[in-house]
Amino acid sequence: MGLLTIDQEKCTKDGICVSECPRLIIRMQEGDGYPEMVPGGEETCMLCGHCVAVCPHGALSHANVPLEDCPPIEKELTVNHEQAAQFLRSRRSIRFYQDKPVEKAKIQRLIEIARYAPTGSNTQLVEWLVFTDKAKIKELAGLAVDWMREVLKKDPQAAGAPYVPLVVAAWDAGYDAVLRNAPALVAAIAPEEARNGLVDLTISLSYLELAAPSLGLGTCWAGLLQHPLLTYRPLKEAMGLPDGYPYHYPMMLGYPKFKYLRLPERKLPKITWR
Ligand SMILES: Cc1cc2nc3c(=O)[nH]c(=O)nc-3n(C[C@H](O)[C@H](O)[C@H](O)COP(=O)(O)O)c2cc1C
């Protein structure tokens, strides 16, 4: 039996699954005309589930993306244009957090949402490192500051941002401007074989970031940790970043201390219509 199962009572042979398959591996059978996978299609199929999701009759199931695991879209939950525009524009980088731990179940839920982000060829190779111990998070921030001190001594240009000396000075004065005393840190990581690893995990983190406010949480991309993480072994080791995972990005997470009441303006887009 192939990967596809067709419910012949429901299938109307409309050919939508054939037209829609991104890998062009579904065809209509000769004779009875039901859809089938072309010979060898199993190796090419990227398990995207489009064939299951697009069938208006619920007639098609895929061995690896079974119909019963693909719930129908609930129309009442669809957002309109205004809602989508305000929702996206109101996302903010949160840098001040309540002194309150983030429940693991909430982080788990956010990662559950983030796993539906697109990945190149649907490889789904993004993995997660999660830190909820404030002492550990502070240790990571401290290692980033150690790296900044070293770089500022040797090659200030390599520090990445002109305000790095201020970050070091803030640390010395008792304020963590690297990870902002965040109660949680998540890092999305991807292995070498993920050809689009950095893009894949960036989109996953964006999903997580956008979903966070619905659980009362806020996030901030931790660029000041990412930069040293690229080269600084002690930080890599302290984070437990496995070898063979060249793609990574950390993100702070916690309950916001402040509420934003306005939507700040941004540059107008530079568009070239050709
Ligand atoms: C890739 C990336 C790295 C960032 N790194 C940091 C960082 O290390 N520290 C920080 O406070 N904000 C960081 N930010 C947040 C930006 O400063 C922020 O997105 C920008 O100022 C716009 O504000 P908004 O996110 O509230 O719209 C980062 C954002 C991105 C996208």
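I'll start with the ligand, then move to a helix and one histidine.

First, the ground rules: this is a predicted model, so local features need pLDDT of at least 70 and side-chain atom pairs count only at pLDDT 80 or more, while totals for chains, interfaces and linings use all residues. Residues are numbered from 1 along each chain as its sequence is written, and side-chain values use heavy atoms, with hydrogens and water left out.

So, the ligand. Residues around it, meaning a heavy atom within 4 Å, include R95, R180, W221 and Y249. Look at R266: one of its polar side-chain atoms sits 2.7 Å from a ligand oxygen. For R91, a polar side-chain atom is 2.9 Å from a ligand oxygen, and with G223 a backbone N or O atom lies 2.9 Å from one. The protein covers 65% of the 610 Å² of accessible area the ligand has on its own (Shrake-Rupley, 1.4 Å probe).

Now helix α5, residues 104-114: I107, L110, I111 and A114 are buried, that is, under 20% relative accessible area with a 1.4 Å probe, protein chains only. Down the axis of α5, those buried residues fall within an arc of 100°, taken from the directions to the C-beta atoms, so they line one face of the helix. Turned away from that side are A105 and Q108, both exposed, which is over 50%.

And what covers the buried residues of α5? β8 is included, along with β5, β6 and α8. Strand β8 holds H248, buried at 4%. Beyond four places in sequence, H248 contacts residues including A188, L201 and Q226, with contact being heavy atoms within 4.5 Å.

Conventions:
Helices (H or I, at least four residues) and strands (E, at least two) are DSSP runs, numbered from the N terminus. A polar contact is a pair of N or O atoms within 3.5 Å; within protein, one must be able to donate a hydrogen and the other to accept it, and residues adjacent in sequence count only if both atoms are side-chain atoms.
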